[in-house]
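Dear colleague,

I am handing over the structure below, together with some notes on what turned up when I went through it. Please keep it open beside this message while you read.

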Amino acid sequence: MASVKFQKATRTYPGGTTPAVDAIDLEIADGEFLVLVGPSGCGKSTTLRMLAGLEEVNGGQILIGDRDVTNIPPKDRDIAMVFQNYALYPHMTVAENMGFALKIAGVDKEERAARVLDAAKLLDLEPYLNRKPKALSGGQRQRVAMGRAIVRKPQVFLMDEPLSNLDAKLRVQTRTQIASLQRRLGVTTVYVTHDQVEAMTMGDRVAVLKDGVLQQVATPRELYETPKNVFVAGFIGSPAMNLLQLPIVDGGVQFGNTVVKIDSSVLAKTSAKLVTLGVRPENLAVSKSEGISVEVDVVEELGSDGFLYGSATVDGARSELVSRVDGRDHPHKGETVFLKPEGGIMHLFDVVTGERLN
């Protein structure tokens, strides 16, 4: 096991003018589960492939432990990768697939069998060791791919969207199994996903990327409660945070027909006349007459609670808002209601830089 360190690591593809990964600085502790998350094309898979040795590093360094692996071939980096498409050999049994890398490495037959069996017990794959991949479900194939990585006892696990081929229920089940397994094994793991719910539920820490630039690295709770900028605020959380550009007035910020009190020292940090106010759906409540007037478009009923989606005119522009409501007693489609912040949990961002103010 080992730590991982990116030091100003950069990747620019041939013919490209903008780096796909731009001078990323990132430290991953020994035994940590770090998730790289961001929208498609943000550079998260490229970052992982740079660590694996599958992408050239055009600038900076990558270290595994104290060893500089920037120019070392993939096979000599002591890493194991789990891919999105499983990459299993169809003509081999589960046991042969799991033990193949050990066979190539010259590990004797008895030790190979013992390590495969140990991994199979961990992953509940014992009954399937003599089956071919075509006789397995998607979730079982993914566990075989995991097993193949585990038997190698690498210093670092790399996982590139390993759950994206599974159905919704199986994804939830398998992500729990992966997180639990990683904690038992204690192997440093870098996991790539575009699904921020997956990132928030699995990672010890989460690194958010946008356009090849690292935006913020923090625990899931820190990302949710103190996003560093507007991008992180809007990306982390499901449903997403409500983000509105509102005018600054005496005593705070104008929110529809009411004024939200904001400390003057916070507002003094921006020279603009507007500020971006962020409110999570659970902190935006239905009111009788205070706040912003919203026309209800739809209410998603989720049992114990629900989410109200509506649209409003804010400063002459149409804005979408989301509020968490009671699952049984809530407004209905077509109604007009008022929404206002409650609970005092608000996020303020500079309209020009997007950086956090409070």
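This is a predicted model: local features need pLDDT of at least 70, side-chain atom pairs count only at pLDDT 80 or more; totals for chains, interfaces and linings use all residues.

The protein chain contains 9 helices and 20 strands, and its C-alpha atoms fill a box of roughly 75 × 50 × 35 Å when taken along the principal axes. Of the 358 residues in the chain, 49% are buried, while the chain exposes about 17,000 Å², with carbon and sulfur atoms supplying 49% of that area.

Helix α2 deserves a careful look in relation to two other helices. The axes of α2 (residues 94-104) and α4 (residues 138-151) come within 8 Å and cross at roughly 30°, which makes α2 roughly parallel to α4, given that angles under 35 degrees count as such. The crossing of α2 with α4 is right-handed, and in it V94, N97, M98 and L102 of α2 meet V144, G147, R148 and V151 of α4. Sorted by class, this contact has 5 nonpolar, 2 polar and 1 charged residues.

With α3 (residues 109-122), the axis of α2 comes within 9 Å and the crossing angle is roughly 130°, and the two helices are therefore oblique to each other. This crossing, too, is right-handed. Here A95, M98, G99, L102 and K103 of α2 meet R112, R115, V116, A119 and A120 of α3, so that by class the contact has 6 nonpolar, 1 polar and 3 charged residues.

P162 is located in the loop between β7 (156-160) and α5 (168-185), where it is buried because its relative accessible area is 1%, against a cut-off of under 20%. Leaving aside residues up to four places away in sequence, P162 touches V82, F83, Q84, Q142, Y191 and V192. P162 lies 65 residues from N97 in sequence and 17 Å from N97 in space, C-alpha to C-alpha. P239, in turn, is found in the loop between α8 (230-235) and β11 (242-249), and a cis peptide bond with omega of about 0° joins S238 to P239.

Some backbone angles also call for attention when you check the geometry. Most residues other than glycine have a negative phi, and most peptide bonds are trans. K8, however, is not a glycine and has a positive phi of about 50°; K8 lies in strand β1 (residues 4-11). D211 is likewise a residue other than glycine with a positive phi, near 50°, and D211 sits in the loop between β9 (205-210) and β10 (213-218). With a relative accessibility of 57%, D211 counts as exposed, the cut-off for that being over 50%.

Conventions: Residues are numbered from 1 along each chain as its sequence is written. Side-chain values use heavy atoms; hydrogens and water are left out. Axes are lines fitted to C-alpha atoms, for helices over the stretch in contact, and angles run from 0 to 180 degrees between N-to-C directions. Helices (H or I, at least four residues) and strands (E, at least two) are DSSP runs, numbered from the N terminus. Angles under 35 degrees count as roughly parallel, over 145 as roughly antiparallel, 65 to 115 as roughly perpendicular and the rest as oblique. A crossing is left-handed if the near helix is turned anticlockwise from the far one by less than a right angle, and right-handed if clockwise. Contact means heavy atoms within 4.5 Å. Buried means under 20% relative accessible area, exposed over 50%, partly exposed in between (1.4 Å probe, protein chains only). Accessible areas come from the Shrake-Rupley method with a 1.4 Å probe; for residues, only the protein chains shown count as cover.
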